Amino acid sequence: MADRPNIILIMTDQQRYDSIAALGFPHVSTPNLDRMVEDGVAFTECHITAPSCVPSRASLFTGYYPHTTGVLANGQAWQHTWVERLRESGYRCVNVGKMHTIPYESDSGFHERYVVENKDRYMEGRWFFDEWDKALAAHGLVKQQREQYRERPDYRTRLGAFDWELPEALHSDAFVGNMAKWWVNTYPPTEPLFLQVGFPGPHPPFDPPARYSAPYLRANDLPLPKPTREELDGLHPALQEKRRHDVEVDHDSVAWSLDPSPDQMHRVWAHYLGNVTLIDDKIGELLGALRERGYLEDAVVIFTSDHGECLGEHGLIQKWSMYDVVTRVPTIIWSTAGRFPGGRRVEGQCQLFDLGPTILELAGLTPPADFEARSLLPALEGRDWTPRTHVFCEQAGDVALGGVEFITGVRSDGWKLVHFKGSAEGQLFDLASDPAEVRNLWSDPAHLEKRRELLDAIREWLIDSAYRTRDLHAACR
């Protein structure tokens, strides 16, 4: 076993925890991820720090909370990462796929980047073409996107679910998986390696090739969401505004409905799960290539996602809320050289950005003392590890969350509170008796003390954060 393992970080975009068979969702086919769960360590209560792509990724790749990075919503600039430390220490650092840095093409610590951005963003940044755009152009094609989907007569009833009609190899997730495999197969073997592979899916549009969604369209046992009128009427005003907004504005080719039919929801879920299965296939192919080239003789492979997806639960689509279906993400760490015992599940709370110091320590590096992220290596190695008593999540309002300036969530082992800036209303859920987060207890007199306790936890967290990171920008003063 080498001192410094190869580290492969595989990330998807917008993948729910309950979209992997081995993690308790038998309705989906994910054999490669299932094997990682069975042979590795699954952190079953890993929660994000921000419920949208850019702030979540900026937090993960810096080791700081969004309010510390200042990246609180999509579209904000960020580019410096702890990957720079890996590069300086001798790792060959390669990114294939989505990182969502802004600007997109910043090196961010990588020796090589093969950037693939959002599936539905055509020429975002005006003149920026990513590797996927170029590949399609080389075939005389343009990717399926909003401008084209809008021309379909059934556009507004599809709710973002379409079939990929171009060559399968040119689907974004197939393309990223194939490009990562191409890099592994063609670059002279180099160790130690840090390879980050970012799949753009299952983020909408929900548009896998038809052969992937077909089995799920035939399934009659998918647990489709059925929010009650009582729940919908009781949503916080900011979330009710989001529901209306998502009907009027078709973000990512999703023209939402306030009352989708069972058939519509079945189609959305079938296409979403089909995209997950496509990604699983490509992960299996990538792991096979890494094995053939010798990289898996001593490697740590990490799989996770930047946030989840409501997919119709609570009457909502996409992210930008604090429900567990958004904040809880699959997080699997697998060692191929006996670095830590596998076949385990760690149930204590942790946060997605805790992977940063974990990777640095695996590489033999000491994380910065002011990191707000905490290494998971003790839990991996079976040593004493203290789970987080509270996990936190924060998001500034943006084009898809226009009814509030800022939301903050805190989750303890048994409770969740969501604070909406400027609003006397909030959300409070007893997760033990109401794991689906349907009964809002914010205004229940019997639970005012619990509400105060969790608001106090937010206050203490922010104070501790300000103190811990007080010297972070000292070099810029």
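Colleague: Which helix gives the most to the lining of the largest pocket?

Modeller: That is α4, with 3 residues. Keep in mind that this is a predicted model.

Colleague: Which helices supply at least two residues each there?

Modeller: α3 (66-69) and α4 (83-88) do.

Colleague: And what volume does the largest pocket have?

Modeller: About 400 Å³. Its lining counts 19 residues. Nearest the centre lie Phe61, Thr62, Tyr64, His80 and Thr81.

Colleague: How does that lining split by class?

Modeller: The pocket lining has 9 nonpolar, 7 polar and 3 charged residues.

Colleague: Now cavities. How many of 30 Å³ or more does the structure hold?

Modeller: There are 4. The largest cavity has about 80 Å³ of space.

Colleague: Which residues line the largest cavity?

Modeller: Among them are His47, Ile48, Met322, Thr327 and Gln351. Val391, Phe392 and Cys393 also line the cavity, as do Gly409, Val410 and Arg411. Lys416 is on the list too. β11 and β12 (406-411) are the elements that give two or more residues. By class, the cavity lining has 6 nonpolar, 4 polar and 2 charged residues.

Colleague: Which sheet do β11 and β12 belong to?

Modeller: An open sheet of 4 strands, in the order β11-β12-β13-β14. The pairing is antiparallel. β11 (391-396) and β14 (426-430) are the edge strands, and each pairs on one side only. On average, neighbouring strands are turned by 10 degrees against each other, direction ignored.

Colleague: β1 and β7: parallel or antiparallel?

Modeller: Parallel. 7 bridges join β1 (residues 6-13) to β7 (residues 299-305). Asn6 stands opposite Ala299 in β7.

Colleague: How do the axes of α8 and α12 sit against each other?

Modeller: They come within 9 Å and cross at roughly 5 degrees. The two helices are therefore roughly parallel to each other.

Colleague: Which residues make that contact?

Modeller: On α8, these include Asp173, Ala174, Gly177, Lys181 and Val184. On α12, they include Asn275, Leu278, Ile279, Lys282, Glu285 and Leu286. The contact residues of α8 with α12 divide into 8 nonpolar, 4 polar and 4 charged.

Colleague: And α5 with α8, at what angle do they pack?

Modeller: About 100 degrees, with the axes of α5 (residues 131-138) and α8 (residues 172-186) 11 Å apart. That makes α5 roughly perpendicular to α8. Glu131, Trp132 and Ala135 of α5 meet Ser172, Phe175 and Met179 of α8. By class, the residues of this contact are 4 nonpolar, 1 polar and 1 charged.

Colleague: What is the phi of Trp320?

Modeller: Positive, about 60 degrees, although Trp320 is not a glycine. Trp320 sits in the loop between β7 and α13 (324-327).

Colleague: Why do you flag these at all?

Modeller: Because most residues other than glycine have a negative phi, and most peptide bonds are trans.

Key:
Residues are numbered from 1 along each chain as its sequence is written. This is a predicted model: local features need pLDDT of at least 70, side-chain atom pairs count only at pLDDT 80 or more; totals for chains, interfaces and linings use all residues. Side-chain values use heavy atoms; hydrogens and water are left out. Axes are lines fitted to C-alpha atoms, for helices over the stretch in contact, and angles run from 0 to 180 degrees between N-to-C directions. Angles under 35 degrees count as roughly parallel, over 145 as roughly antiparallel, 65 to 115 as roughly perpendicular and the rest as oblique. Contact means heavy atoms within 4.5 Å. Ala, Val, Leu, Ile, Met, Phe, Trp, Tyr, Cys and Pro count as nonpolar, Asp, Glu, Lys and Arg as charged, and the others, Gly among them, as polar. Two strands pair if DSSP finds at least two bridges between them. On a 1 Å grid over the protein atoms alone, a cavity is a set of points where a 1.4 Å probe fits but cannot get out, and a pocket is an open set with protein on both sides within 12 Å along at least five of seven lines; lining residues have an atom within 4 Å of a point. Grid points are joined across faces, edges and corners, and a volume is the space filled by probe spheres set on the points.
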